[in-house]
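Hi everyone, thanks for coming. I'll walk you through one structure today, and we'll take it piece by piece.

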Amino acid sequence: MDRTRAPDDTAAAAQAATVDDVALVDLEASAQRLRSFPELVAALEGSTSAQRTRLADDVNRVLRAMRAPGHEAEEAEVVMQALSSKALHDLEDSRGRSCRREAVETMMASGFPHALLLDPEDVAFARERHEEPPDQELSAWERSMQHHRRLAAGLMAGGQVASVVAVGSTGGLGGFGDVAMVGVALAGLACAGALWATRPRDLNTGTWGMLAIVTGIAGFAVAATLSAWSAALAPLGVLAGLFVALGPLYEERADEPSPGDWDFMPRGEDD
């Protein structure tokens with residue numbers, strides 16, 4: 001059984017890439033995680049209760065280390081395989097921490113598009129399994145997004161206020177126009193409020209992003225229909241905030257896109 005556990009020097013390398021510090025990209029450590037994680041999961045089958053607990057300690061350590069930069073696409077693939085097979089569903093380490101929850105946290109930390117692969121049931125389980133105090137310090141990947149999301153929320157709210165002030169200074173749009181403008185503004189403020197108040201790991205960016213896009217399109221449609229371009233400040237603020245909030249998810253990662261990835265483009269076709 002000991003052959004399946006990560007060696008001590010591997011554990012040291014994983015700890016060097018812990019989420020408590022934003023570490024430099026260590027592709028060698030990432031490659032080691034890719035080798036050791038499937039071995040640990042495979043070793044769970046047929047193991048005794050005591051062995052499962054020891055293996056769970058190693059599984060959770062590797063999962064937390066995967067949140068550091070590395071081979072994100074490949075790591076996300078092996079984590080999703082473990083979640084899909086339900087191998088981690090009833091597994092807890094010696095401190096009572098759920099391996100399933102740690103796996104979901106790791107997928108969330110991988111960012112777009114890997115986090116979108118998560119099953120809603122796994123996400124719901126992770127949210128319900130509060131293993132840390134609510135005021136626990138943000139993890140490294142959450143801190144890296146927090147500044148952008150707060151700025152984006154400010155842009156969204158500012159756009160709604162500017163639009164209302166601009167339209168109000170001209171006497172309003174009258175009737176349906178005023179109702180539609182207020183509806184767009186309220187939806188925009190809801191998007192801003194959710195972005196500002198929700199912890200990064202708890203925000204479903206897919207649902208939130210879709211609401212922001214629909215709000216932006218609806219706002220521009222209202223402005224175009226009424227030929228009131230001052231009202232376009234509201235949807236413009238929403239879409240600008242959406243861009244700022246999701247921008248960090250598109251930053252260059254350690255892995256180049258490969259065939260089959262959503263952002264893969266053969267050389268020569270981008271000219």
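Predicted model: local features only at pLDDT ≥ 70, side-chain atom pairs only at ≥ 80, totals over all residues.

L44 itself is one of the buried residues of helix 2. And in that part of the chain you'll also find G46, which follows helix 2 and has a positive phi, near 85 degrees.

Okay, now helix 2 itself. It has 18 residues, and at 1.5 Å a residue they should span 26 Å. The C-alpha atoms at its ends are 26 Å apart, so that agrees. Its buried residues include A29, S30, R33, S36 and F37.

The largest nonpolar core has 28 residues, and F37, V79, L83, L88 and L118 are the ones that touch the most other members. Which elements give two or more residues to this core? Those are helix 2, helix 3, helix 4 (72–84), helix 5 (99–109) and helix 6 (120–128). Helix 4 gives the most, with six residues.

Let's zoom out for a second. The protein chain comes to ten helices and zero strands. Of its 271 residues, 43% count as buried.

Now for the outside. There's a nonpolar patch on the surface formed by M210, I213, V214 and I217, and together they have about 380 Å² of accessible area. Take I217, which is found in helix 9, residues 205–226. Its relative accessible area is 57%, and since exposed means over 50%, I217 is exposed.

Buried or exposed, what would you say for F243? It counts as exposed, at 67% relative accessibility. Along the chain, F243 and A152 are 91 residues apart, yet their C-alpha atoms are separated by 7.9 Å.

That's my tour, so over to you for questions.

Definitions and conventions
Residues numbered from 1 in each chain as written. Heavy atoms only, no water. Helix = DSSP H or I, 4+ residues; strand = E, 2+ residues; numbered from the N terminus. Expected span 1.5 Å × (residues − 1). Buried < 20%, exposed > 50% of the residue type's maximum accessible area, 1.4 Å probe, protein only. Patch = residues over 30% accessible without salt bridge, like charges linked within 9 Å, V, L, I, M, F, W, Y side chains within 5 Å. Areas by Shrake-Rupley, 256 points an atom, 1.4 Å probe, with all protein chains shown as cover. Salt bridge = Lys/Arg side-chain N within 4 Å of Asp/Glu carboxyl O. Core = buried A, V, L, I, M, F, W, Y, C linked by side-chain atoms within 4.5 Å.
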